[in-house]
Each structure stands twice: as C-alpha cells, then as structure tokens.
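Please look through the structure below with its aromatic rings and its nonpolar core in mind. A short report follows it.

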Amino acid sequence: MQALISIVIPVFNRANLIGETLQSIQKQSYTNWECIVVDDGSTDASVSVVEEYIHNDARIRCCHRPKSKPKGANACRNYGFSLSKGAYVNFFDSDDVMHHDKLKLQVEQLQNNPTYSFTVCQTLVFENTIENTLGLRKNTIYAKDFFNAFVANQIKWLTQAPLFKASFLKENAISFDESLQQSQERDFFLKVLAVVDDYLYNNTPLVYFRKHSSSISSGVQSESKLYSNFKVSVTTLQNYKAQLNEQAIHYTQKRIHKVMYTALLLRYLRLSLYMLYQVVVKTPIYSFNKKVQLSKGVVSMLIFKKGERFFK
C-alpha cells in the first residue's frame, strides 16, 4: 500500500487561484494523499471554491483556523498539520502549482533512503500561465555545508518544495512561528537544518511558483513585517552562534542593518530603539566597534534623518 501524504494549504482570499492549485494536486500520479485546506478568514468565495472540489473528491477537506489562534498562514499550517494523518507532509501555498509527479518522485526518494528525514526539489517561477516561466527561484538548493549556505542565502527553497517525514517534525517539535509575518520560511528551515546531518534533493523543478502583485510576500514593509525579519536574523545569531561561519554571520548582520535602516527611514521609532537594544545588549556576537557604529547611525537618523553609511 502507498503511504499517505498530507498536503496542508492555508488560504486567504484566493478564490481566483486556489482552484488551479487543487487541480494540480488532483492530477498527481501518486494518489494516496489527503489535502487539508485551512481558511484564514477569507472574505471572498475561497471556501465555496474549495467546497466544490470537496464535493467531487473526498481526499480534500476544508477547515477554519480556530479563533484561539492568531491570524496568518503560519497558524493555519500548524493547525492543518495537527489534523493530518499522513506519514509524510507537504506544506503548500494556495496560489502555486505542483508538477504531476512531485509526490511520487519525492516519496520514492525518501523510501529508498530511509535514514533521511526530508527531500527538497527545485522551483520554477511563472507569471499568468505555467507556460510563461521566468526561471528558477534559486539556482542551487544543496551545498556540503548546507546550514551556513542557507543562512548566507547561497542556497534557498520555499515552503512548497520539501516533503517531510511527519514523525521527524513531531519528534523535534518543529513548527512555524505564529508571531512572524515575514521570514517564517527562513526561520522554519533553520530549525530543520540545525538538527539534520544531511538531506535529499532533486534538481528537477517540481513546484511552479506564481509571481503576481497580490502575493502575500509583496507589498509595503509594515512595522510588523520589519519586526519579523529582524527577529529571525537576530535569533539566528543568538541561537546558532556555534554553527555559523564568518560569511553567514556577515550576511545575517547585513540583513539586520538593512531592516534597522528601513525602520528608521519609515520613522518606526519605537521599533528602531527596540532593535538597537537587542543588538547592543542581547547579541554578543556583535563587536564593540560595530555596536558603537550602529548606535551612532540610529542617533544620526533620529536627529538628522541621515546616516546610511553607519549601516553599511
């Protein structure tokens, strides 16, 4: 018998796109799957569209994010995973598309290599239609020193690409941080990579990532999004200090400086001071000279609205 694969999809106002996503799942050559769609409070016809598919396919079900959980895709993913019954899990997004052999190829990899906990595939970016491809999301998805390569953005993949053993995530208590509005994938995969010796990969593009203006990851850099990006970068330096090499540290610090500078430009003053406190007091990996330089930059931006050089 085929092992059951659970596909977990958060959805919020995707009535015009979720149908194509579900169709790509129904066309999978691997047929023993369940698809758990978790509605995040949609105000359009998203739920109605999903219910039409449920009517014709008992493998699909729809539930609603509990009111006790915070709004957002991360809470939906965690809740959907808690309801799942599969031996494997694939987190997916409501605006992207699966290659028809994605589940088959990835589950075969894991079953043929039982010591591994997950496998990652390549992702193609497309616009409007799958035929209109724009290239790979990232050229490289594997490196020998994969942890530092991922931190330094030398390798990268998104939520849709991996297939996990469900037992691995449960045994290591790995979940999505429900307080984050951005960088949640980076945070999640760092937790994963920090506890594995290696992982499997397939350079064949098995995910089609849709590029469009209403993507949740696009839009104005709100205070909460900047905080999320900052939090993930700072906790990377704090929690994984022993594992990071110089290049990974330098890249993470650049991310922090960029977020701090953006927050100051947008006059998020309380957030800017909070960031400075976290870097100066709570992040020992920073040298004294760098802490002084950043402090000067914050003061200069607050008083004169100038000082970009301090953040470079």
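The report begins with the model itself and then turns to the core, the ring pairs and the charges over rings.

## The model

This is a predicted model, in which local features need pLDDT of at least 70, side-chain atom pairs count only at pLDDT 80 or more, and totals for chains, interfaces and linings use all residues. Residues are numbered from 1 along each chain as its sequence is written, and side-chain values use heavy atoms, leaving out hydrogens and water.

## The nonpolar core

A nonpolar core is a set of buried Ala, Val, Leu, Ile, Met, Phe, Trp, Tyr and Cys residues joined through side-chain atoms within 4.5 Å, where buried means under 20% relative accessible area, exposed over 50% and partly exposed in between (1.4 Å probe, protein chains only). The largest such core has 81 residues, and those touching the most other members are Ile 7, Trp 157, Leu 169 and Met 260. Helix H9 (residues 246-265) contributes the most to this core, with eight residues.

## Aromatic pairs

The whole structure holds 19 aromatic pairs, meaning rings of Phe, Tyr and Trp (its six-membered ring) with centres within 6.5 Å, called stacked if the planes are under 30 degrees apart, edge-to-face if over 60 and tilted for the rest. Phe 118 and Tyr 199 are stacked, at 5.1 Å centre to centre and 15 degrees between the planes.

Tyr 142 and Tyr 199 form an edge-to-face pair, with 5.1 Å between centres and 65 degrees between the planes. Tyr 142 is partly exposed at 23% relative accessible area, whereas Tyr 199 is buried at 2%.

## A charge over a ring

The charged end of Lys 71 sits over the ring of Phe 12, 3.7 Å from its centre; this term requires NZ of Lys or CZ of Arg within 6 Å of the ring centre and within 35 degrees of the ring normal.

Definitions and conventions
Helix = DSSP H or I, 4+ residues; strand = E, 2+ residues; numbered from the N terminus.
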